[in-house]
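Hello,

Here is the structure I promised to pass on. Please have a look at it alongside the notes below.

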Amino acid sequence: MEKEYKVKIFTGIRPTGDLTIANYLGAIKPIVDMAEERDINPLVFVADMHALTDSEPSVAKKFTHEVVADYLALGLDPERTTIFIQSAIAPQILTLMSYLSRHITVAELLRVPALKDKLKKNAREETANALLFLYPVLMAADILIQRPEYVPVGEDQESHLEVARLLAKRFNARYGDVFPPPKTYQMKSLRILSLKGKGKMSKSVPEGAIFLTDNIESAVQKIKKAVTSVEGKMTDGLLSNIIIAKELSKNENDKMRIDEIIAEHMSGKKVMGEFKKALANSVSGFLTDFQARREKIIRNPETIKSILKRGAEIAAKNADETMALVEKAMFSR
């Protein structure tokens, strides 16, 4: 049973605030498409314990079930996808994290790019909380305890997967083959920028982000103020807005019209006003449909509880099996 993959695809998201359309396009839609196209049953978790590194427990608790409702309303089929809350298997994860922590140094943790970025945003090294330092090890424990074959990651998360592979390699070298090395799943890369034109679309810059909870009027006002480009030039901001408009469009005719507008723009015509109308139309249609589906889902909280109960049972079975292998390897020598 050693080095046997238990899960094909494993991924998750932190419940630290309302999701944006960038979260949907970059992280959730690829999983939805993957589950529909292939018989792989992705394992998806809501990382409420990770949220504690820089958010209060009350925030994590508030948004945990909100994120699950979002997942379902965005198209994750519970018949094709297993969803669970990270803290449902907290004892197993935290125990594995403590074991794995023996196999990495503080200096190595400080070189993890994603951790360095978090330290820049939240605290200096000497004042950061210890849980933040252990963030990469906690993520490695999340991954390794489920023994997935593939983990979809963005560019800013690749370093965490590298830490998981490193810890798996070191643990295996010392105690025998227990962890199969998780592989990177290459997703279609969609770089969604802030409507302000600089930096990623982020919850931390709400005026440059379209949230799934935004009312239509608010979303349209943000789009009207979006940075685009002067005639005849393509910018990163405009390209990002084109991706949003086309990915959220309901039909091929709308996509073709967007292409026509952009062709006119590149030929020197002043059509950015028309483009923003097309972008607003795509976003408005998407938000209207999503919010209607979500409203139906949250009216029946028992459905969400049932889905999470089933997910927790599957995640716990995998975790218990992994921990039995880990402790046998460590303590029966």
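Predicted model: local features only at pLDDT ≥ 70, side-chain atom pairs only at ≥ 80, totals over all residues.

Residues are numbered from 1 along each chain as its sequence is written, and side-chain values use heavy atoms, with hydrogens and water left out.

Let me start with strand β1 (residues 7-13); helices (H or I, at least four residues) and strands (E, at least two) are DSSP runs, numbered from the N terminus. Five of the seven residues of β1 are buried, so the strand is largely enclosed by the rest of the structure. Here buried means under 20% relative accessible area, exposed over 50%, and partly exposed in between (1.4 Å probe, protein chains only). Strands pair if DSSP finds at least two bridges between them. β1 runs parallel to β2 over four bridges, with Phe10 opposite Leu43. It also pairs in the parallel sense with β4 (residues 148-152), over two bridges, and there Ile9 stands opposite Tyr150.

Now the rings. Those of Phe, Tyr and Trp (its six-membered ring) pair if their centres lie within 6.5 Å; planes under 30 degrees apart count as stacked, over 60 as edge-to-face and the rest as tilted. The count by this rule is eight aromatic pairs. In one of them, the centres of Phe10 and Phe45 are 4.9 Å apart and the planes are at 0°, so the pair is stacked. This pair links distant parts of the chain, since Phe10 is in β1 and Phe45 in β2 (residues 43-46), 35 residues apart. Both Phe10 and Phe45 are buried. The rings of Phe286 and Phe290 are stacked too, with centres 6.5 Å apart and planes at 10°. Phe286 and Phe290 sit four residues apart in helix α13, about one helical turn, and both are buried. Phe10, Phe45 and Phe84 form one aromatic cluster.

Finally, some places further along the chain. Arg299 lies in the loop between α13 (272-298) and α14 (301-331) and is exposed, with a relative accessible area of 61%. Its C-alpha atom is separated by 34 Å from that of Lys276, 23 residues apart along the chain. Leu239, in helix α11 (residues 236-247), is partly exposed at 42% relative accessible area.

Best wishes
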